[in-house]
Amino acid sequence: MNQKSTVIVTGGNGFIGTNLVRLLLESGQYHVINLDALTYAANPLSLEDLDGHPDYEFVKGSITDRQLIDSLFEKYKPMGVLNLAAESHVDRSILSADDFVQTNVVGTYTMLEAARMYWNTLPEELKQQFRFLHVSTDEVFGSLGEDGFFTEETPYKPQNPYSASKAASDHFVRAFNHTYGFPTIITNCSNNYGPYQFPEKMIPLMILNALSGKSLPVYGDGSNVRDWIYVEDHCKAVKLAFETGKPGEVYAVGASNEQKNINLVTQICSILDDIAPPIEVPQLRDRGLKSYAELINFVQDRLGHDHRYAIDASKVQRELGWKPEVGFETGLRKTIEWYLSNPRWVDQASGGSYSEWIEKNYAWRAKKEAE
Ligand code: NAD
Ligand code: TYD
């Protein structure tokens, strides 16, 4: 039997991290060390079934903690890092970007520098095998008009504090490759959806608001466009890029699935009408709702709201042989069914500090909703 490769995954308790850790373990190829600070965005229930798994270890800690990271390299001697830990919500970054600078910029730099120092100590053969894969976003490229696509060649033009912090982290990763020959790979992916996504993001927010009879806050006129990819397809691209991507390369990942926000919310409502009609939901029975679409509410726009994102993924398809496997209608249904079947996870994610945060920070949205 081949020996398993030890890898450090950062942010493994988040949305994409949870799906990626599962994919890596299911492949049987990896021993996974998950370094996660367990911020508000991490749900302890997401990976609880992996407790005691022989190929999985959890370390609670921050990617800004150099001493801790050095000790992990020393102890586990990994053959690579998959760096996902980040502050990831644009609305939060608009309210305050402090944590975004700390984790996304300082944290990524700290991971890079610790990994580079460790890599320097490796014998040539292991040095050749080592990879630092950085998971990034298409938002670093700014916003598109009605036409065109982002590619690996698109100039960086981040326009909100989140994307600015991700762009800064990408630049450090690129610079480490260029300056030191450190073997990095970057993936810039479009918007993900699927199981385990924290309910502040658009798709779970709309599903869960609808099911509890709350309004569905569509920003602006709902004409903004996002290019949605099922999270498992993204994770497969990340795994493939880590295993077969060329050091120094960048891969744009997306599923060619552009959706206007308002159309997407309407689709969520119609799937929900089909599988959980309001009349059959105990807390909605007396509301007289015929369709969840009646809950749609256009609210004040996000500041600096990027108009359109869309990815041309031909490089990753051509060079790595990746392609998305899950169609949007299927993926959206699977996602909605997952949220319906996991009330314990949903309660854990939606309660406590998150509900307090919503009340305190989304006043701008509520105000407009009330008008
Ligand atoms: P998420 O917010 O769901 O999860 C982030 C995880 O990182 C959480 O488990 C959190 O506890 C952890 N974390 C935060 N700060 C940390 C720190 N200082 N040290 C260690 N752990 C820390 O995010 P996500 O949606 O899973 O995104 C994962 C990565 O993918 C991010 O880098 C994000 O920029 C990128 N990305 C996300 C999308 C998307 O649509 N969600 C698209 C493209 C790229
Ligand atoms: P989001 O899930 O926050 O991802 P991102 O900002 O990284 O693209 O938002 C997706 C789109 O949905 C974006 O155009 C903003 C919009 N949106 C709403 O209209 N209402 C909401 O309540 C949220 C959270 C987002």
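# A walk through the rings, helices and loops

Start by colouring Phe, Tyr and Trp: the structure holds 25 aromatic pairs. Rings of Phe, Tyr and Trp (its six-membered ring) are paired if their centres lie within 6.5 Å, and planes under 30 degrees apart count as stacked, over 60 as edge-to-face and the rest as tilted. This is a predicted model, where local features need pLDDT of at least 70, side-chain atom pairs count only at pLDDT 80 or more, and totals for chains, interfaces and linings use all residues. For finding your way, residues are numbered from 1 along each chain as its sequence is written, chains are lettered from A and ligands numbered from 1 in the order in which they are written, and side-chain values use heavy atoms, with hydrogens and water left out.

**Stop 1: two ring pairs.** Select F132 and F182. Their ring centres are 5.9 Å apart and their planes sit at 55 degrees, so this pair is tilted. F132 belongs to strand β5 (residues 131–137), while F182 is in the loop between α6 (161–180) and β6 (184–189), so the pair links parts of the chain 50 residues apart. Helices (H or I, at least four residues) and strands (E, at least two) are DSSP runs, numbered from the N terminus.

Now jump to W338 and W345, an edge-to-face pair with 5.1 Å centre to centre and 70 degrees between the planes. Both W338 and W345 are buried.

**Stop 2: the ring cluster.** Go back and select F73, Y109, Y118, W119, F130, F132, F172, F176, Y180 and F182, which ring pairs link into a cluster. Elsewhere, the charged end of R92 sits over the ring of Y40, at 3.5 Å from its centre. A charge sits over a ring if NZ of Lys or CZ of Arg is within 6 Å of the ring centre and within 35 degrees of the ring normal.

**Stop 3: a helix pair.** Show α2 (residues 66–76) and α4 (residues 98–120) as cartoons: they pack at an angle of about 35 degrees, with their axes 10 Å apart. Axes are lines fitted to C-alpha atoms, for helices over the stretch in contact, and angles run from 0 to 180 degrees between N-to-C directions. Which residues make the contact? From α2 come R66, I69, D70 and F73, and from α4 come T110, M111, E113, A114, A115, M117 and Y118. Contact means heavy atoms within 4.5 Å.

Stop 4: Pick F141, in the loop between β5 and α6. F141 counts as buried at 4% relative accessibility. Leaving aside neighbours within four places in sequence, F141 is in contact with F150, T151, T154, P155, Y156, K157 and N188.

Next, click D91 in helix α3 (residues 90–95). D91 counts as buried at 5% and touches Y219, R302 and Y362, not counting residues up to four places away in sequence.

Finish at N257, in the loop between β11 (250–253) and β12 (258–260). N257 counts as buried at 13% relative accessibility. Beyond its neighbours within four places in sequence, N257 is in contact with R226, D227, W228 and F328.

Conventions: Buried < 20%, exposed > 50% of the residue type's maximum accessible area, 1.4 Å probe, protein only.
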